[in-house]
Amino acid sequence: MGVNTKGRKMESKKHEVPALPYEYEALEPYIDEETMRVHHDKHHQAYADKFNAALEQRPELFERPVSELLANLDAVPEDIRKMVINHGGGYYNHNLFWEIMSPTGGGEPTGELAEAIKRDFGSFEEFKKKFTETALTHFGSGWAWLVKGTDGKLKVYSLPNQDTPVSIGDKPVLLVDVWEHAYYLKYQNRRAEFVEQFWNVINWDQAGKNYQKA
Ligand SMILES: [Fe+2]
């Protein structure tokens, strides 16, 4: 809470979970409605709530975009840094995740991103293989990422928990959630099936925008 010029307490500008850009069932049959409801309404909301709770201890930080906090973790007070990494990261990563999927997704990228993938991985098929392998071999909870590095080149890697590329200077282009909560209701332990189906919902237009603004 802050105090305005009239001395009244103002509500801090809390971070909110954005509404999905499509219906909960829109990604069926690849990603089921129940998973989307639990993932968005419960898991993502919990990250937002805990992130906001951490920032309540330092309300001045509400003014700064989450991506900026995560990109400058040294500037985040030590007593809330871990909570910003975990819950701010969870909040931020899921914001990106809903946007990178679409009921009209799938296929292959076009334009500059397509060219860059070919340049840095040899072909779209090689990139697809590498991204899939990275998602499947990541041990435990985390995300697989396609990022643009400071040198402008594309890279694929995974990060644990809710760690995010912006904290190491890379710009997210594409991501897939490999926490079990992302797929367990429909696919149980079969992460490979989930990742295989994920290719059917990738919003390449959004990935292209992420690449261009990165
Ligand atoms: Fe998740």
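Residues are numbered from 1 along each chain as its sequence is written. In this predicted model, local features need pLDDT of at least 70 and side-chain atom pairs count only at pLDDT 80 or more, while totals for chains, interfaces and linings use all residues.

Reader: How many helices and strands does the protein have?
Author: Helices (H or I, at least four residues) and strands (E, at least two) are DSSP runs, numbered from the N terminus. Counted in this way, the secondary structure of the protein comes to eight helices and five strands.

Reader: What radius of gyration does the protein have?
Author: The radius of gyration is taken over C-alpha atoms, and the globule rule is 2.2 Å times the number of residues to the power 0.38. The C-alpha atoms fill a box of roughly 60 × 40 × 30 Å along the principal axes. For 214 residues the rule gives a compact globule a value near 17 Å, and this agrees with the value of the protein, 18 Å.

Reader: Which residue of E5 is the bridge partner of Val147?
Author: Strands of a sheet pair through backbone hydrogen bonds, either parallel or antiparallel. In E4, the bridge partner of Ala144 is Ser158. In E5, Val147 has as its bridge partner Pro172.

Reader: How many of the seven residues of strand E5 are buried?
Author: A residue is buried if 20 or more other C-beta atoms, placed from the backbone, lie within 10 Å of its own; it is exposed if 12 or fewer do, and partly exposed in between. Buried residues make up 34% of the 214 residues in the protein. Strand E5 (residues 171-177) is largely enclosed by the rest of the structure, because its buried residues number six.

Reader: Is Leu154 buried or exposed?
Author: Leu154 is found in strand E4 (residues 154-160). Leaving aside residues up to four places away in sequence, Leu154 touches Ala116, Ile117, Asp120, Leu146, Lys148 and Val173, where a contact means C-beta atoms, placed from the backbone, within 7 Å. Because Leu154 has 20 C-beta neighbours inside 10 Å, it counts as buried.

Reader: At what angle do helices H1 and H3 pack?
Author: Axes are lines fitted to C-alpha atoms, for helices over the stretch in contact, and angles run from 0 to 180 degrees between N-to-C directions. The axes of H1 (residues 33-56) and H3 (residues 78-99) are 8 Å apart. Residues making the contact include His40 and Tyr47 of H1 and Met83 and Trp98 of H3. The packing angle of H1 and H3 is about 145 degrees.

Reader: What is the handedness of the crossing of H5 and H7?
Author: A crossing is left-handed if the near helix is turned anticlockwise from the far one by less than a right angle, and right-handed if clockwise. H5 (residues 124-137) and H7 (residues 191-198) pack at about 150 degrees, with axes 10 Å apart. Thr132, Ala135 and Leu136 in H5 meet Arg191, Ala192 and Val195 in H7. The crossing of H5 and H7 is right-handed.

Conventions. Contact = placed C-beta atoms within 7 Å. Pairing = 2+ DSSP bridges.
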